[in-house]
Structures are given as structure tokens and as C-alpha cells.
Amino acid sequence: MIRAACFALVLAASGASPAGALSPDELLDDPALEERAREISSQLRCMVCRNEAIDESNADLARDMRLLVRERLVAGDSDEEVIDFVVERYGEYALLRPTTEGANIILWVAGPAMLLVALGIGGGFVWSRRRSPARTEEALSAEEQTRLDALLNE
Amino acid sequence: MRMIAEFGHFALILAACVALVQMIVPLIGAQRRWAGWMAVAEPAATAQFILVAASFAALTWAFVTSDFSLRLVTLNSHSAKPMLYKITGVWGNHEGSLLLWVLILALFGASAAWFGGNLKPTLRARVLAVQASVGVAFYAFILLTSNPFLRLESPPLDGQDLNPLLQDPGLAFHPPFLYLGYVGLSMAFSFAVAALIEGRVDAAWGRWVRPWTLAAWLFLTIGIALGSWWAYYELGWGGFWFWDPVENASFMPWLLAAALLHCAIVVEKREALKNWTILLAILAFGFSLIGTFIVRSGVLTSVHAFANDPERGVYILAITGLFVGGALTLYAARASAMEAKGVFGVVSRESALVANNILLAVSCFVVFVGTIWPLVAELAFDRKLSVGPPFFDAAFTPFMVALMILLPVGGMLPWKRARLGRAMQPLWGVLALALAAGGLTWAIQTGQSLLAPLGMTLALWVIGGAAVDLWSRSGKGAPQERLRRLRALPGGDWGKSIAHAGLGITALGVAGLTQWEVEDIRVAQPGERYTVEAFGPWQYDVRLNAVNEVEGPNYISTMASIDVFRGDRQIAHLEPEKRVYPVAGMPTTEAAIDNGILRDVYIVIGDPQANGGWAVRTYIKPLANWIWAGCIVMAIGGMVSLSDRRYRVAAGARKAAPAPEGVPAE
């Protein structure tokens, strides 16, 4: 459904038929270079779509970004340099894999930290259940007690 | 006949009134022990359901007869649309989908009334009252902000058509299943809140909550699988999961429902983990509400084709806050009253299920943080950033790996106190087999990442573990005797093994598809035949015969005729299309797929090229269908488990003595 939205957005923006996802004319002749381009592309998002990597996007802008990535690769940039270049031009928003800079560290640490907390609580609970001193039998509720009394008095 | 829409509107208002009564009267009755007041709940639940059903039928009628005097029909339908999509178009929009939401809510409420005869009267009254309170909030929401029955002053001659992407069988039935799941979790919520009011949770409560949760979970499984399958064949890229906020919105309740399912077993069998189970029931439905909020409000600007309206978003957020906040407040006040009973060793089924819950709950938390992080970063740190698949793959997958490593062992452990060595004994063979298969995979697929062999090992470990688990339940003795006993095993045992095997099958599919996919993008001239280079059995020849313009009922199509060969033998004829729906003004890609057990051949036709050729994308997708097959198997496992007569035997236990032939629990 994301793509549905993307189509709608693209059409609204361009008013024309979409340019199509990665097409044959964009591919690099050098297979090794092309493979690197694909690897980089999977980490870059189409700026006008939602959560869609540029390879998969039909948007014109995504095509521009694909061409840019290949241009930089042909010019001899390393993978990081290409990504840095894209971030400089389009902003952090273009990265599908968020950096670990600044507050983003919270995002990356949240899961493992929560796991530790949960393991602590869960482990503590399991340990405490190991040999409970007194088996706390559940007492009758007031209602049940009255019913029991009534039955006994019958 | 022209008044049917007004009739539907009126029925909806009446349903809201009935729900209001159902919310208040039985609650007071249960508090004061007034049997007459409590008894209001059941007929009210039935009446409420009939009224909403009538209202929904009225809206469906308007769509079927293309009554363009209704605003909703004009915006989302067209007279030339096929009948199936006229009907499914009822819920292919904001207002209609919410009406479906309350219809399912009322259905669950009514079934609790119909099948809840053996519940304690106060608990039943309270459950139905809580269920009705959720209904009241959503009726008010629909009637005040999203009324589907609004008329247009001057009806147009024809409608604006349904979003063409929604005109598809896969997507048409995606929302109803998803909603059956989301809304089904409301039952767990109602039971949890009722138990908190009641101040008592016991084994019977666990036995009651489990089938409802199971039903919700299995519908959610089917709904998510349908959405994923649709994305696979419709979006022209063949991805199956995108970690989009809208997908995550359905995945989070699924994870928590799976956790709830497992810990309710502990309540039922061992009367432990009660507090946690109650909390999980509240959170699971809370995430359903959050999911509804994310989808309906578009706050994370995952502009989900329909609905994008801040006013509505605020209302749903208020509903979410009210119910989750209220339930959690009640929880804080009352939960300590519910002490757990069971004593168990560090190595035991109980501990294994605690580990299961930790992994599922924390993985849900990871998905949640990743989903809302762009919003948080923008509001709190003024950074516009994205959180996409690379993050989720890295942060979420390890939890699933850990879960799958533990699963077969945990499933074999007995309750209370276990010996790891003994539980592992029947599993060593499976482990060896899984490792060997992983090693073999690694040897064959030279030079690729270790993820595929790892996936194979894990998947086989889980599937094999499930089989061993089931077999070991047949006891000892001659194989024929064991087979006979196997057939007589309760549905719960079968369901468990089937569902776990389903998880393994899905994992196998994910590993195969993500690691071994082959792609070929090229310009082909009509008549040209070429080879898609791939590993051994997955190498195919493709011939583009011709590309033609074809006219459909409400679209125009560019259709390619393509033959697929293996060697000299033709194995498939495929017709990938590009469609344009003139009324909606939208193009769609219709990939053509030759489905196979071991692979899909997936072909997409692209744009015409200057030299007279066409862009053709060919993908070989190994084990793709295993992903959804696994989901179906999981859902079947859920159904088999639901059929377990122990639910019914136990349910009848309050009225009559247990049936003499009753299967002993465990």
C-alpha cells in the first residue's frame, strides 16, 4: 500500500506517467560497480515516497538519485563517500539506515537496553518462583464465602 | 428503496444508543449484584450487532446499486467497476472501514454473549460492558467525524472510482481479516479489564481468554499474509515486507498477541504470570488502537492511500489514550491483588514461556521505537530522518533468531521442573540434521553471505523440533500404536506443532527469497529470446513475443506476451501488464508470476524504449511462496488448536460434571 501512496504522490507531483523503477539504460557496464551501486541504493530512500528504496521507486527524483550514485561511483568515490555526498545534498532524510549520531543512539540502544531490563525482571521473577516459601492458596472471595455459608446452612 | 441509506444511518445511531445502555447498566448491575441489570448485557449485545449489521448492509446496498447521491459512493466507486470491487469498496475507504471495525467489534461482543453462558454472571456482564464502551467511543467517532451516510446535494452521473491498487482480490480481503484480528483483541482487553474490576484471575479466566486471543491472532496472521502477498505481486518489485509504519501497525499487535497466547497458557495451566498476562492483554489491544491511529490519521505520513485527516487522528488518539490510560490506571490500582501461585524451577516450561514473552515483547518494542522514531526525532530534536528496512533488519532479526533457537527446546520442556538434558535428548537428531543442511547450503552457494545457511538451519531446527515434539507426545510403544495415539492427541497439541512448523516454513521462505534472488533487467526486442543467468535449476530462458494494447472493464492495459523456457521445453506463458485506470487517473503494474514450489518466475514489463524494444525485468524468486504458505500453516495451527475440545469440556464444567471421557490436561 505504500507504493499506492507513492504512485499517488508521484502523479500529483509530476502530472505525467511515472518514469519507472530502475531501468536498463541506467545500469553500469561494469558488473562490480553496478553491484556496489545496488548495495548503496538499497540504503537510500526515494525522497518523495515513503520508506521506499530508490531502486524500487517510480519517481523521477529517485531516478536522479540512482544516476547520481552511479556518477559518483564512476568518478571513483568509495561507498561511504557516495553516501556522504547524497546526505550532503539531500539531507539525513535520505538514509534508510539512520546514523548513530546524537540522539539516534537512543534508537539503536533502545532494543538491547530493553532486553537487558526484561531479562533482569524476568530472570528475577523466575528465580523468585523457584522455591516459594509459602504456597499462597487463593482465598475465597467475599461473594464465594457468602455462597458457601448459605449452602452450608441449608 | 431510496431511503435505505437513511435507514442505515438510523440503525447506526440506534446501535450507539444500545451500546451506551450495554456499557452502563450491566456494570452497575454487576457492582450491586442486581441480576436483572446484569442480564441486560446479552440481549443488548445481540441487538447492537443486528443494528450495526443492518447499517453495514445498507451501506453495501448503496455501493452495489451505485447510489451516487451518497458522498462516499461517489468518491470511491464507479458504475463500470466489477461487482466484487463494488462490494469490497465498502471498506476501501476511511468511513466504510470504520463501519467494518464496529461491525466486527459488535460481532465479537455478541459472540461473547452467545457462547458465554458458562461464564460467571458478574464477569460476563462486565466483559460485555467493557466491550460496549469501546463500541460507544467508535460509534461517536463515526457519527461525529466520519459519517458514511452523508448525501450529496446534487449527485453526479458517475463516481470517481476506487483506488485501482485496491481493486485486487488480495487487497480486497486484507482489511476484513486484519480488522478481525485487531478488533478480536478487544475481547482479551475486555476480559482483562473485567477481571481487574472483579479483582480475580484464575485458571478459568485463562481458559476463556485464550481462544479469543487465538482467534484474533490467526485472523491477524491471515490478514498480514494477504497484505504481504498483495505487495509481492502487485507492486512490481516482488518485495514481501517493507517495514512501513502501516505494516508495522499490524505487526506489533501480532507480536503481542502471540506473546499473550503463550502466557495465557501459563495462567490456565499453572495460575502463574497473571499480572503480566493482564498487562499484555491491555497492551495488545492498545497496539491495535495505536495501529488504527497510525493508519487512519496518517501521522507518520505513510500516506496510506485512504484517509489523512488530522481532526480524525486527534480523536482516535484520544480514544487510544482513554482506553489504554484508563486500563493501565486500573491495572496499577488492582494488579497487586492478584498473586501468582505456581512454583517452578529455573528450567521449566514456565521459564521457557517467560523467555518467549520477553523476546516477543521486546521485539515489539523495537518495532515500536523504530516506527515512531522519525516523529520523535522531528518533534524533540528537530531532525528529519528516516528509519527504514536496514534498521529493522539489523535490530529486529536477532530477536527472531533467538526465539527460533529456543523454541524447540522450550516446547519440549515439561511444566514445573525439567532437566535440560532429557528435553534435548530427542532433539539431538534434529539439530544434527539442521546443521548438516545449513552446512550443505553453505557449500553449494559458494561466496554468498552466511545468512541463507543460518536461515536454513534455524528453519529446519524449528520444523523438525515441531515434528519431534508431536511424536514424543504419542508416548512409547510400537510405531503403529504410537500413530494411533497420535491421531487421538488433543487439538491443542497438534495446533502447537503445526503453528510452530509454520513459523519455520516462513523463515525458510524469507531466507531463500532474500538471499538467493536473481534479477535480470534489460531491453528486449519483440521476438527476442534470452537467458536469465542463475544457479543450476533456476536458470531459465525468456522470450518476449509481443506487446499489445488491451482494454479491460475499467482500465486500459499494455500487455506483454512472454514465454518462459527451461532448456527447450516451454514451462510457462506469462502476460505481465501495465494498466491505466482513466477514471482514477492512476497506473498500476501487474506482474506476471509463474508460481512454483521451489521458485517463482516473476516478470514485469517496463517502458517502451527508443529502439522499439521494451524494458523487461525478470526475477527468479527462490522459495517465495513458502513465506505465505508458512503463514497459512500457522493460521491452520491456530484453527486446529481452537477446535480442541478441552475448551468446550472446560467451558461446560461449571454447569455439569466434567464429561467422563474428558482428556486429562497434560
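Helices here are DSSP runs of type H or I with at least four residues, and strands are runs of type E with at least two. With that in hand, the elements of chain A read α-α-α-α-α-α from the N terminus on. That amounts to six helices and zero strands. Please keep in mind that this is a predicted model.

Of the 154 residues in chain A, 31% are buried. Among its contacts with a separation of 6 or more, 56% join residues 24 or more positions apart.

## The largest nonpolar core

Let's move to the core. The largest nonpolar core holds 246 residues, and B:Ala188, B:Leu256 and B:Ala281 have the most contacts inside it. Helix 10 of chain B (residues 203-234) supplies the largest share of this core, with 19 residues.

What does B:Leu256 touch, leaving aside residues up to four places away in sequence? Its partners are B:Leu280, B:Leu283, B:Ala284, B:Phe287, B:Ala361 and B:Cys364.

## Two loop residues with positive phi

Most residues other than glycine have a negative phi. B:Arg33 has a positive phi, near 60 degrees, and sits in the loop between helix 1 (4-32) and helix 2 (35-38) of chain B. B:Leu273 also has a positive phi near 60 degrees; its loop lies between helix 11 (245-270) and helix 12 (274-297) of chain B.

Which of these residues is buried and which is exposed? B:Arg33 is exposed because 11 other C-beta atoms lie within 10 Å, whereas B:Leu273 counts as buried because it has 26 C-beta neighbours inside 10 Å.

## Domains of chain B

The domain assignment of chain B lists domain 1 (1-163), domain 2 (414-512) and domain 3 (518-625). The C-alpha centres of domain 2 and domain 3 of chain B are 38 Å apart.

How values were computed. Residues are numbered from 1 along each chain as its sequence is written. Chains are lettered from A and ligands numbered from 1 in the order in which they are written. This is a predicted model: local features need pLDDT of at least 70, side-chain atom pairs count only at pLDDT 80 or more; totals for chains, interfaces and linings use all residues. A nonpolar core is a set of buried Ala, Val, Leu, Ile, Met, Phe, Trp, Tyr and Cys residues joined through C-beta atoms within 7 Å. A residue is buried if 20 or more other C-beta atoms lie within 10 Å of its own, exposed if 12 or fewer, and partly exposed in between; C-beta atoms are placed from the backbone. Two residues are in contact if their C-beta atoms, placed from the backbone, lie within 7 Å. Domain bounds come from an automatic or database domain assignment.
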